[in-house]
Amino acid sequence: MTAPSSSRPLAGVLWMLASGFAFVGVNATVRYLGTALPAAESAFLRFAFGLLFLMPVLLPALKTGFSPVVWRLFAARGALHTVAVILWFYAMARLPVAEVTAIGYLNPIGVTIGAALIFGEKLALRRILAICVAIFGALVILRPGLREIEPAHLSQLGAAACFAVSYLFAKQLSGLVSATAVVAMMSLTVTIGLAPFAALHWVPPTGSQLALLATTAAFATGGHYCMTRAFEAAPLTVTQPVTFLQLVWAAILGMAVFGEPVDPFVMLGGGLIIAAISYMTWREAVLKRAAVTPAPNAAKV
């Protein structure tokens, strides 16, 4: 991604910091809720509240209408995202906050692999090396053979994979409809997709639980807004490394609020994953700039 025409690095960093705090707020509220409600029900209520926030955007989009192809893409993405959020809510209620955050950094790696498998994008050596480093980072976090791999770990890995494919559908949709329509329709389709799963094991929520999930939805909406503003203000090469701080905030939150010890393996593994993503993002930006203005004797990687 090339730099915006009027790049504002400091603004981009500040917006991304705000986004990180907001998403840590999402993690905190879901972790605090714990297993009091089934994962599907918690996810459904969170997206239902989010849908209320997005109604001013959703209604005009629905009135405009979409082609059958776009509707199919919306439905496919909604189905994948539905599975992803159920798996994520299950993991978030059972694993330390920092661990879920660190494993979640695998999403961009899944996007890269999926783009190669689905869209036929070329996997250059730099991408392959970054993927290998990220996978090694995941192994450092999970430490198979040295500790028991719990269902919640597998759930978060599955969530990362489903989120990655969902983002690939979002990439296709971004060339067909506006970004606001993509976000609003995702909330609608996921809310509809979660409804039957939530109804299967419905537990009447208390007022405090509803308020907590409404807060979760507010944090999530704010996080996506801040992230969008960060991308508008500065290139990914500036904002991407800032996302690592989200792991730091998550570790502090887990320790201070939930009494979760800081796991050095989780921090190391998460650092390896975000370093791989940051390098891949930086290198892609360098190559795009070189394609516009070739440097003398430029070497291929």
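**Salt bridges and helix packing in a predicted model**

The crossing of helix 4 and helix 7 is right-handed. In this talk a crossing is called left-handed if the near helix is turned anticlockwise from the far one by less than a right angle, and right-handed if clockwise. Helices are DSSP runs (H or I, at least four residues; strands are E, at least two), numbered from the N terminus.

Before going on, the ground rules. This is a predicted model, in which local features need pLDDT of at least 70, side-chain atom pairs count only at pLDDT 80 or more, and totals for chains, interfaces and linings use all residues. Residues are numbered from 1 along each chain as its sequence is written, and side-chain values use heavy atoms, with hydrogens and water left out.

Back to helix 4 and helix 7. They pack at an angle of about 35°, and their axes are 9 Å apart. Axes here are lines fitted to C-alpha atoms, for helices over the stretch in contact, and angles run from 0 to 180 degrees between N-to-C directions. From helix 4 come Glu99, Val100, Ile103 and Gly104, which meet His153, Gln156, Leu157 and Ala160 of helix 7; contact means heavy atoms within 4.5 Å. By type, the residues of this contact are four nonpolar, three polar and one charged. For that count, Ala, Val, Leu, Ile, Met, Phe, Trp, Tyr, Cys and Pro are nonpolar, Asp, Glu, Lys and Arg are charged, and the others, Gly among them, are polar.

Glu99 also takes part in a salt bridge, with Arg147, at 2.4 Å from N to O. The term means a side-chain nitrogen of Lys or Arg within 4 Å of a carboxyl oxygen of Asp or Glu. Arg147 lies in the loop between helix 6 (125–142) and helix 7 (151–174), and Glu99 in helix 4 (residues 97–104), so the pair ties together parts 48 residues apart in sequence. Glu99 is buried, at 5% relative accessible area, while Arg147, at 25%, counts as partly exposed. Buried means under 20% relative accessible area, exposed over 50%, and partly exposed in between (1.4 Å probe, protein chains only).

How many salt bridges does a search of the whole structure find? It finds three. Another joins Arg31 and Glu260, at 3.0 Å from N to O. Arg31 is in helix 1 (residues 9–33) and Glu260 in the loop between helix 11 (244–258) and helix 12 (264–292), so this pair ties together parts 229 residues apart in sequence. Arg31 and Glu260 are both buried. There is also Arg143 with Asp263, at 3.1 Å from N to O. Arg143 sits in the loop between helix 6 and helix 7, and Asp263 in the loop between helix 11 and helix 12, 120 residues apart. Arg143 is buried, with a relative accessible area of 14%.

Next, helix 1 and helix 11. They pack at an angle of about 35°, with axes 9 Å apart, and the crossing is right-handed. After helix 1 comes Gly34, with a positive phi near 65°.

Last, Val242, in the loop between helix 10 (236–239) and helix 11. Val242 is buried, at 12% relative accessible area. Not counting residues up to four places away in sequence, Val242 touches Val13, Met16 and Leu17.
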